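Please walk through this protein fold with me, one contact at a time. Keep the sequence beside the model as you read.

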Amino acid sequence: MRRWNRFAGVVTISLVGVAALAGCGPAPWEEGAGGSTPTSTSTAIPTPVPNDLSGGATQRELAAGAVTATIDYWSTLSMDEWTAEAIKPVSISLMTTVTPNDGQKVYLQRATMTAVPATPTGALDALAPQVDASTVSPGYLVLDPYSYSQTFNVGPVPAEATYVTLQFSYDFLVQTTPTSSEYAKQTATDTLTVALTH
């Protein structure tokens, strides 16, 4: 009888010890470093940069007064080679129509391209504008079926740039009448965004 009571006492003490441990909170091995529970963090995925030349070429139709210009843009440099340090060519082919078409001609007096590199947080300093001014008077004949072609080069840009905005400006002279030596000036502008590869 005494032997049984001795074991009963041992069992009671053991249960009290377990209860004491249960009231002390999480076990030490369940706690994170410094006693705090680890938290998960998420990484922001950068927004993809639009690329107007992702398909290799693009076509735009611009209106400037009575003049409608159809312009094809493309690059002979593949898009995976459009890096910040590369010389990046952009070619254009331009042709116009005029409404109403009474026989007057349309001339391109000047074409300008300005490249503006940028990062996701904003634009950087623009590169020097590239200008092709007509060497003949009153300009290059660009009325359908005659067209104008040119290649501009986007030079090296800062390494942090993720894309470049190409700003184009076209100055046209339109005859006031088919036999007139007087002209009306019309200007059309366009913008392309091209992603850079890193």
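Asp52 is partly exposed, because its relative accessibility is 27%. Here buried means under 20% relative accessible area, exposed means over 50%, and partly exposed lies in between (1.4 Å probe, protein chains only). This is a predicted model: local features need pLDDT of at least 70, side-chain atom pairs count only at pLDDT 80 or more, and totals for chains, interfaces and linings use all residues. Residues are numbered from 1 along each chain as its sequence is written, and side-chain values use heavy atoms, with hydrogens and water left out.

Which residue does Asp52 meet in a salt bridge? The partner is Arg60, at 3.4 Å from N to O. A salt bridge is a side-chain nitrogen of Lys or Arg within 4 Å of a carboxyl oxygen of Asp or Glu. Arg60 also forms a salt bridge with Asp190, and there the closest N and O atoms are 2.7 Å apart. Asp190 lies in strand β10 (residues 183-195) and Arg60 in strand β1 (residues 57-64), so this pair ties together parts that are 130 residues apart in sequence. Strands (E, at least two residues) are DSSP runs, as are helices (H or I, at least four), and they are numbered from the N terminus. Asp190 is buried, because its relative accessible area is 9%. The count comes to 2 salt bridges. Asp52, Arg60 and Asp190 are linked in a network.

Now follow the strands. An open sheet of 4 strands runs in the order β1-β2-β3-β8, with antiparallel pairing. Two strands pair if DSSP finds at least two bridges between them. The edge strands are β1 and β8 (148-154), and each pairs on one side only. Neighbouring strands of this sheet are turned by 25° against each other on average, direction ignored. For such angles, axes are lines fitted to C-alpha atoms (for helices over the stretch in contact), and values run from 0 to 180 degrees between N-to-C directions. Strand β3 (residues 88-98) and β8 pair in the antiparallel sense over 7 bridges. Look at Ile92: its bridge partner in β8 is Gln150.

Between β2 (67-74) and β3 there is a loop, and Thr83 lies in it. Is Thr83 buried or exposed? Thr83 counts as buried, because its relative accessibility is 19%. Leaving aside neighbours within four places in sequence, Thr83 is in contact with Lys88, Leu196 and Thr197. Contact means heavy atoms within 4.5 Å. With those sequence neighbours again left out, Trp82 has contacts that include Lys88, Pro89, Val154, Leu196 and Thr197.

In soluble globular proteins, nonpolar side chains tend to be buried together. A nonpolar core is a set of buried Ala, Val, Leu, Ile, Met, Phe, Trp, Tyr and Cys residues joined through side-chain atoms within 4.5 Å. The largest one here has 37 residues, and those with the most contacts inside it are Trp82, Leu166, Phe168, Tyr170 and Phe172. The elements that give two or more residues to this core are β1, β2, β3, β4 (106-119), β8, β9 (163-175) and β10. Which element gives the most? That is β9, with 6 residues.

Stay with β9. This strand is mostly covered, as 10 of its 13 residues are buried. β9 pairs with β4 in the antiparallel sense over 12 bridges. Thr112 stands opposite Ser169 in β9. β9 also pairs with β10, again antiparallel, over 13 bridges. In that pairing, Thr165 stands opposite Thr193 in β10.

Last come the aromatic rings. Rings of Phe, Tyr and Trp (its six-membered ring) pair if their centres lie within 6.5 Å; planes under 30 degrees apart count as stacked, over 60 as edge-to-face and the rest as tilted. The whole structure holds 5 aromatic pairs. Tyr107 and Tyr183 form an edge-to-face pair, 6.1 Å centre to centre with 85° between the planes. Tyr107 is in strand β4 and Tyr183 in strand β10, 76 residues apart, and the pair links these distant parts of the chain. Tyr107 is buried at 13% relative accessibility, whereas Tyr183 is partly exposed at 32%. Tyr140 and Tyr148 are stacked: 5.7 Å centre to centre, 25° between the planes. Tyr140 is partly exposed at 22%, while Tyr148 is buried at 5%. Finally, ring pairs link Tyr73, Phe152, Phe168 and Tyr170 into a cluster.
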